[in-house]
Amino acid sequence: MEVLAFLIPISLFLGGLGLVAFFWTVRSDQYDDPEGDSHRILSDEYDEHPKTPRKR
Amino acid sequence: MTDSTYTEPPTASACPACDAAPMARRIAASGAQDGAVGPGRLMLSLPGIHCAACITTVERALDDHPGVRSARVNLSLKRATVEADPEVTAQALVAAVAGVGYEAHELESAVLSATATDRQGRDLLMRLAVAGFAAMNVMLLSVAVWSGAADATRDLFHWISALIAIPAVAFSGQPFFRNAWAALRHGRLNMDVPITLAILLALGTSLYETAHSGEHAYFDAAISLTFFLLAGRYLDHRTRAIARSAAEELAALEVPRAERLSDNGEETVNVADLVPGDLIRVRPGGRMPVDGQIVEGTSEIDRSLLTGETVPVFAEQGQAVSAGEVNLTGPLTVRVTAAGRDSSLHRMADLVAMAESSRNRYTSLADRAAGLYAPGVHILSFVAAVGWYLYTGDVRLAINIAAAVLIITCPCALGLAVPAVTTAASGRLFRRGMLIKDGTALERLAEVDTVVFDKTGTLTLGAPILEEDDTWSDEDLRLAAAMAEGSSHPLSRALSEAAQVRGHAVDRVESLTEVPGYGTQGTWRGHRVRLGRADWVGAEAGERTASWLSIEGMPPIRFTFTDRLRPGAVEAVQGLKETGLSVALVSGDAQTAVETFARRLGIDDVTAEALPEDKARRIEALRGAGRRVLMVGDGLNDTAALAAAHVSISPASALDAARVASDIVLLGEDIAPLASAVTTARSAVTRIKQNFTIATLYNVIAVPIAIAGFATPLAAALAMSASSITVSLNSLRLR
């Protein structure tokens, strides 16, 4: 049963990691436009910073 | 993208100080208008975008526009947000997007700011995530306890559960705690009071039991209760947020701007900035933004949105106009007599506010259920606690049983029963083009037994169509269509269309000119020809909507028009009748026009020439007779009636004031979904009641077990999950 001393903290830590990741996605507006994001992945343009000098 | 669409704001560099004043005013105005959104942010509605290429094309076009700092398209909302320098105008951006082939409309960002970031929704989502995370972990530990962990292991697991559950509940449960506190402070009970009590009592007794190595701890029940109830809250919030954002978008599409004439020419200003005495220009096709008096120009005015009359009214110098009327033919210069608060639009809004307060008294099914439920649960658990204390004299056992009763009866199913159904029903209606603005609208719609329609703009499109008649021949139509060419008057357009449908080639008319307010005039085969108002061509004016064609030396020829039926109007009326509702028509239009129209749709109960007050009084009378009235209308003359009715619907083309007064907005042109909406609402209410029955049934079985003292944490978890899941599944069955 000693293994529980490791397993429980590990499982809590991993779960917590997922929770923190979810918090981050919510806070950085990643659910504002689910439909657009699913289309943007098809676009060739790298648009993390929307207005960077672009080759025309 | 080229810069050709971009127009530099006019500046005269010779005198910088002269420019500074209007510029400062403009900046101040834009600052006031943007409010929380911040200056330099523009919003565009893009109804036509649907693909990855659309996003890239539109964003590139906007980015390449001079002065734009960044542009981002949101495909879910079909909207673009543009950060730009203050001198960039929305009109220029709309032109830029139109240049790459997409329809765009300016959105008033101040109206949208409320839903720009959905803070409350995000907050609920975070709490839901924490509750979900904690519930899963605690449940994992609880399963170990249920399957036989004993002594030190069980205590350890209980302690770890406490460590996870207590902070999680403290964070996630806050919406319930706040609501419960607010209710208690005002001396009332709501659904959140027993919830809060159950959660806190469960945590408290569990903590005590854990500290004394007790066998039963309810940490899993407390946290999963929070999770299920938050899920219900979040669903409810999403439904409302979607409806609110769509309603706001409709309002934001109407940017209140006016063309003000001043010493240095025309300038575009916000309607809110107009003061009595200002001169404004209203172009043909434009809507009067304020009440005023015509100082220059002649035209015809369409007052159908205000009065329901379909016949355009002649307008000339000196005549008073009121906000909401549409200018048809010639440009008008209007002196503002009343703007903002004092205008007739606003006075009507006050009427609406009065009627509105009477409707707010409606209590929803959920509230009624909570009203029965909350005191019942408290009494039950209190009686159980007192009973066990008297029987055994053991305080600890008595409190444990009271907690178990509260947890088992706790309204997981009740909390989910209503939101799950309304979410499903609103989503279904939204896909059919109906926007549910009000939370209790569905329930009220289900109770309706009488439908009152407005005519103009509601059952009709407010656009005329030429009526078949023997007063004119094909040759007459050919000539009339030629005369109508180039005029944007609705009657002229109807004539051109009628000729086109018949495949007629139009005649050639020379020196064709439009005389604003009267009609068109030209020369045909050497004769002077006129098409227009009866008194202008020398004919007797009738009460039908008509346009007259006169050829020099011949008697004038009459073309009569009827209002075009809104698509789906026949189906809607028929469907409503088949559902067993009585249908009535109340219109401000002339008696004969209304009667012929009603006969076509099969409506027997007809009231014509009704003033706005008459409409509202009619609704009141029906209500006094015990009827529950659904009012469908679009005009300013309908707003009081819309607000007075039990539930109200308006088309998206309606005036802003009418849309605000109604509970449901029809987004499309087709009105046919109306009949099915009543059916959907009725089945939604049936589902809600079924869900209540299911929840009650669970309680009837579980409560005696809890009171008898046989409720284990496992039994509580099973009862809670099972009832929540059955209720959710039942809601999905909604058709």
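## Strand pairing in the model

Two strands count as paired if DSSP finds at least two bridges between them. In this predicted model, strand 5 (residues 257–262) of chain B meets that condition with strand 6 of chain B, since six bridges join the two in the antiparallel sense. Within this pair, Leu261(B) stands opposite Glu266(B), a residue of strand 6 of chain B.

## The two chains

Chain A has 56 residues, of which 2% count as buried. Its secondary structure consists of two helices and zero strands. The mean pLDDT of chain A is 78, with 77% of its residues at 70 or more. Over residues 51–56 of chain A pLDDT stays under 50, and the model has three contacts beyond four places in sequence for this stretch.

Chain B has 735 residues, and 46% of them count as buried. It holds 26 helices and 26 strands. Among the contacts in chain B with a separation of 6 or more, 69% are between residues 24 or more positions apart.

## Contact between chains A and B

The contact between the chains takes 20 residues from chain A and 22 residues from chain B. On the side of chain B that touches chain A, four elements each supply at least two residues: helix 2 (52–63), strand 2 (68–74), helix 5 and helix 6 (151–172). Helix 5 of chain B gives the most to this side, with seven residues. By residue class, the side of chain B that touches chain A divides into 12 nonpolar, six polar and four charged residues.

Helix 1 (residues 4–27) of chain A packs with helix 5 (residues 119–146) of chain B, their axes 11 Å apart and at an angle of about 170 degrees. Angles over 145 degrees count as roughly antiparallel, so helix 1 of chain A and helix 5 of chain B are roughly antiparallel to each other.

From helix 1 of chain A, the contact is made by Leu12(A), Gly15(A), Leu19(A), Phe22(A), Phe23(A) and Val26(A). Helix 5 of chain B contributes Arg122(B), Leu125(B), Met126(B), Ala129(B), Val130(B), Phe133(B) and Asn137(B). The residues of this helix contact divide into 10 nonpolar, two polar and one charged.

Strand 2 of chain B, one of the elements on the side that touches chain A, runs antiparallel to strand 3 (residues 79–84) of chain B, and six bridges join the two. Val73(B) has Ala80(B) of strand 3 as its bridge partner. Four residues lie between the strands of this hairpin, and Lys78(B) takes a positive phi near 50 degrees.

## Open sheets in chain B

Strand 9 (residues 299–302) of chain B pairs with strand 10 of chain B over three bridges in the antiparallel sense. In this pairing, Ile301(B) stands opposite Val313(B) of strand 10.

## Positive phi in two loops of chain B

Where in chain B does Ser213(B) lie? Ser213(B) is in the loop between helix 8 (192–211) and helix 9 (219–252) of chain B. Although Ser213(B) is not a glycine, it has a positive phi of about 45 degrees. There are 11 other C-beta atoms within 10 Å of Ser213(B); the limit for an exposed residue is 12 or fewer, so Ser213(B) is exposed.

Glu609(B), also not a glycine, has a positive phi of about 50 degrees. Glu609(B) is found in the loop between strand 23 (605–607) and helix 22 (612–624) of chain B. Because Glu609(B) has 15 C-beta neighbours inside 10 Å, it counts as partly exposed.

Definitions and conventions:
Residues numbered from 1 in each chain as written. Chains lettered and ligands numbered in written order. Predicted model: local features only at pLDDT ≥ 70, side-chain atom pairs only at ≥ 80, totals over all residues. Buried ≥ 20, exposed ≤ 12 C-beta atoms within 10 Å, placed from the backbone. Contact = placed C-beta atoms within 7 Å. Axes fitted to C-alpha atoms, helices over the stretch in contact; angles between N-to-C directions. Parallel < 35°, antiparallel > 145°, perpendicular 65-115°, else oblique. Nonpolar A, V, L, I, M, F, W, Y, C, P; charged D, E, K, R; others polar. pLDDT = per-residue confidence, 0-100.
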